[in-house]
Amino acid sequence: MPPALNIIALATFSAALSARALDPVLPHVAEDFAVSIATAASFAAAFAFTFAIIQPVLGAFADIFGKARLMIVCLALLGFANILGAMATSFPLLFASRILAGIGSGGVFPIALGLTSDLVGAEKRQVAIGRTLAGAMTGNLLGATVSGLIGDFLGWRGVLAVLGGIVMLASIVVAIRFRGAALTRPPRTSLSALKQGYRTIFTNPNARICYAAVFIEGCCVLGLFPFIAAFLFELGQTSLSIAGVVIAGFAVGGLFYTMTVSRLLPKIGVNGMMIGGGALVGVQLIAVAMGPEWKLHLLSLIFMGWGFYMIHGSLQVFASELSAEARATALSLHAFFFFMGQTVGPIAYGFGIQHAGKVPTLLTAAAVMIALGFVCAKLLRQTGPADAAVT
């Protein structure tokens, strides 16, 4: 694998530190600003929506002006947004800082996948993307865990201040390491070529299935996260550190995926990965619905993360093959639909829990995820991008 993957993994690690930074401390944010947990959970929706809505623009900019350059700028913006959030004096100001964080984060991970796909051929791409994911999963793991620990000692403001400083420092380090690295061919400057890339993407029959699937994933799986701390509070477990550890279990499962994908893929194939991943997620959603103690809750999140990335990693590879010339655009659209799902998810879960109850809501999400794995395995077909001949 190309050494440049290590630089890309560092960028995704740094960005991922902030992704779930507020989830373990949401009860304290809600208390400080005298809002409900459901209102505080809107941070996750705001972050995800901004991340999503900016993707078509960032993907186009990356294909035109260069992936690495844009990724570094967005990483610095993410660090600044976290520090700004730590100084917020009102709920609307904190909300605005999360919108800025969503923009910054939106220019890191999808672009990193584009760089990875440029460097590695299709036959090894799922393994290479797994290594890039390892950086993000480690960041998610430490971000959620450290957020809970810092929150117990310094409060939620300390969480944002510390993580913001780390991300700002990381942006400098990544910029230095990228300098002089031959990561990808020079970017295009032709808008007509970009339009042709969009046309290539959306004429591929895999595009509709792939993008719809990641929307459902984001809604059913990531939409659950803002409520996990509240679930634990209901069970009498009020430690923010414990909430952070439980949420971090999802990232641990993601790391298990990155360590096992190179062995699982040859044995069960892409279809087996999607079916098995969807089923594993569904079973764990059922387990969470039963309200287990926090240790079993943690175990469920670990297996949920493992299953989630089995299906999600497969969908990322399909997205990377929608277009060769507009790969950053294709992967940014993938992220757009995924984070739109994360935007709808907390709202849908909140509505379902309030009106139908926790158990029926989670059981419905479980059934959807199990079905999703079978549908994707049946409908998605591995084909090269139509514009591959011009690369």
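Q: Why does Phe80 count as partly exposed, rather than as buried or exposed?

A: This is a predicted model, in which local features need pLDDT of at least 70 and side-chain atom pairs count only at pLDDT 80 or more, while totals for chains, interfaces and linings use all residues. Residues are numbered from 1 along each chain as its sequence is written, and side-chain values use heavy atoms, with hydrogens and water left out. Buried means under 20% relative accessible area and exposed over 50%, with partly exposed in between (1.4 Å probe, protein chains only). Phe80 therefore counts as partly exposed, because its relative accessibility is 44%.

Q: Which helix gives the largest share of the nonpolar patch?

A: The patch, of about 430 Å² by the Shrake-Rupley method with a 1.4 Å probe, is made by Phe80, Ile83, Leu84, Met87 and Met168. Patch residues have over 30% relative accessible area and no salt bridge, with like charges joined within 9 Å and nonpolar side chains (Val, Leu, Ile, Met, Phe, Trp, Tyr) within 5 Å; a salt bridge is a side-chain nitrogen of Lys or Arg within 4 Å of a carboxyl oxygen of Asp or Glu. Helices are DSSP runs (H or I, at least four residues), numbered from the N terminus. The largest share, three residues, comes from helix 6 (residues 67–86).

Q: What is the geometry of the aromatic pair formed by Phe308 and Tyr309?

A: Rings of Phe, Tyr and Trp (its six-membered ring) pair if their centres lie within 6.5 Å, and planes under 30 degrees apart count as stacked, over 60 as edge-to-face and the rest as tilted. The structure holds 14 aromatic pairs, and in the one formed by Phe308 and Tyr309 the centres are 4.8 Å apart with 90 degrees between the planes, which makes the pair edge-to-face.

Q: Which residues do ring pairs link into a cluster?

A: Phe308 counts as buried because its relative accessibility is 0%, and Tyr309 counts as buried at 8%. Both belong to the cluster that ring pairs link together, whose members are Phe225, Phe250, Tyr257, Phe308, Tyr309 and Phe338.

Q: What separates the C-alpha atoms of Ile166 and Gly79?

A: Ile166 lies in helix 9 (residues 125–178) and is partly exposed, with a relative accessible area of 40%. Although Ile166 and Gly79 are 87 residues apart along the chain, their C-alpha atoms are separated by 7.4 Å.

Q: What separates the C-alpha atoms of Cys210 and Arg179?

A: Cys210 is found in helix 11 (residues 205–220) and counts as buried because its relative accessibility is 0%. Cys210 and Arg179 are 31 residues apart along the chain, and their C-alpha atoms are separated by 34 Å.

Definitions and conventions:
Helix = DSSP H or I, 4+ residues; strand = E, 2+ residues; numbered from the N terminus.
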